[in-house]
Amino acid sequence: MRFKRSEFPEGFLFSAATSSYQIEGHGFGGAGKTHWDTFAATPGNVVRAEHGQRACDHYHRFEEDLDLARDLGLDAYRFSTSWARVMPEGRGNVNPEGLDFYDRLVDAMLERGLKPQATLYHWELPVALADLGGWRNPDLPNWFADFTEVIMGRIGDRVFSCAPINEPWCVGWLSHFMGHHAPGLRDIRATAHAMHHVLVAHGRAVQVMRGLGMKNLGAVCNFEYAQPVDNSAAAAEAAGLYDAYYNRFFLGGLFQGSYPEEMMVAFAPHMPQGWEDDFDLIQTPIDWLGLNYYTRKVIAPADGAWPAHAEVEGPLNKTQMGWEIYPEGLHHFLAWVHENYTKGLPLYVTENGMANADLLGREDTERMAYLDDHLDAAKSAIAQDVPLEGYTFWSLLDNYEWAFGYEKRFGLIHVDFDTLKRTPKASYHAIAKALSQ
Ligand code: FCB
């Protein structure tokens, strides 16, 4: 790797991320079923109908995984808590085994000198709540607040930081408009409700955690650079709309108390009742913003209903996901978010990385180049006084990549999904060296 830890400011945090459904094994420890289990069991949704019942069996192997995180030289570890593991029906009954698991997990991080960076929800909605409309239901934020109280009542005294919800765009748009993630809906009203309720749930959870005396609370959003396909006004407008529903909607809610006008053109008739009154709650002050960044999209105008645009294939090198490699986008978002929204609040890159084919035993050069180029983008933002305080690799382990099943390998550590053997990749060893320098 080109980067060295010593090129980053004193105290800059390096971490790696995972999420509960993607690694734990939801068949273990009394966890309830999630909407990903039923989504995956429906033909056509997930490659080979793969699911997370066993995943990496992190539930039983977390000590070994955290040893590997420590030996990589990380300062922190970003993990998530599964609502269905803690409250199998989503409400009411608490699963003591689930609480014990997260208790042990957090202690195991602390024993290894890893700061626990928690996320409350990384997409594994309990099926009992999906039956009630899931994120479309205006009571969902209240149930989420109850879950927050239960889990953080147990581990909140020891986590370093917490963000309620990973990537509101995926919870809202990807899952309710595009139908690519659970619950697989394609409905504008469901989308408008989910996108708003997810922010209300964020606000409720932050308030609950403040009430518990917790500090260092944030939000984690994902960003994609929208590149117009050509110089036409129509292409600029199409890309602008993509930017609005992907990048500006949630930031608008969190930091400006409003949603982008071009979104409201289509969304206004579909918003939940009284939505305008929720912004005080949504804007409950937070201490930092996390940015997840992977790629850009090339956007062209298209015929058809709003948003009347299409993604077209771009010319840049691509990862195993088919995603273009565009580190300039990371620099753009760090500077742009700081100038226009967060204005001095600490920022973290909470996910960045690439999927590469199964290369066990070979060099992992593409991943190293990807990471170096994005770390350069982070460094140049810091040089321009963007208050970036940490960077998180996605992901520690190869894992369940949602609708793509187990084929797309984002890990710094290879996982053999038959034997569950862990093997650090060449990129892992290279990063360990860079972090020691
Ligand atoms: C992000 C998700 C994470 C993983 C990466 C590749 O959107 O937060 O779970 O799927 O993409």
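In which handedness of crossing does α8 pass α10? Helix α8 passes α10 in a right-handed crossing, a term used when the near helix is turned clockwise from the far one by less than a right angle, with left-handed used when it is turned anticlockwise.

## Basis of the model

This is a predicted model, in which local features need pLDDT of at least 70 and side-chain atom pairs count only at pLDDT 80 or more, while totals for chains, interfaces and linings use all residues. Residues are numbered from 1 along each chain as its sequence is written, and side-chain values use heavy atoms, with hydrogens and water left out.

## Helices α8 and α10

Helix α8 covers residues 168-176 and helix α10 covers residues 233-256, where helices are DSSP runs (H or I, at least four residues) numbered from the N terminus. Their axes come within 10 Å and cross at roughly 130°; axes are lines fitted to C-alpha atoms over the stretch in contact, and angles run from 0 to 180 degrees between N-to-C directions. The two helices are therefore oblique to each other, the word for angles that are not under 35 degrees (roughly parallel), over 145 (roughly antiparallel) or 65 to 115 (roughly perpendicular).

Pro 168, Trp 169 and Trp 173 of α8 make the contact with Tyr 245, Tyr 246 and Phe 250 of α10, contact meaning heavy atoms within 4.5 Å. By class, this contact has six nonpolar, no polar and no charged residues; Ala, Val, Leu, Ile, Met, Phe, Trp, Tyr, Cys and Pro count as nonpolar, Asp, Glu, Lys and Arg as charged, and the others, Gly among them, as polar.

## Helices α10 and α13

Helix α10 also packs with helix α13 (residues 328-342), at an angle of about 35° and with the axes 11 Å apart, and this crossing is right-handed. Among the residues that meet are Leu 251 and Phe 255 in α10 and Phe 333 and Trp 336 in α13. By class, the contact of α10 with α13 has six nonpolar, five polar and one charged residues.

## Surroundings of the ligand

The residues around the ligand include His 122, Trp 123, Glu 167, Tyr 294, Trp 394 and Phe 410, where a residue is near a molecule if one of its heavy atoms lies within 4 Å of it. Oxygen atoms of the ligand also lie 2.8 Å from a side-chain N or O atom of Gln 22, 2.9 Å from one of Asn 166 and 3.0 Å from one of Glu 351.

Key:
Polar contact = N/O pair within 3.5 Å; in protein donor to acceptor, adjacent residues only side chain to side chain.
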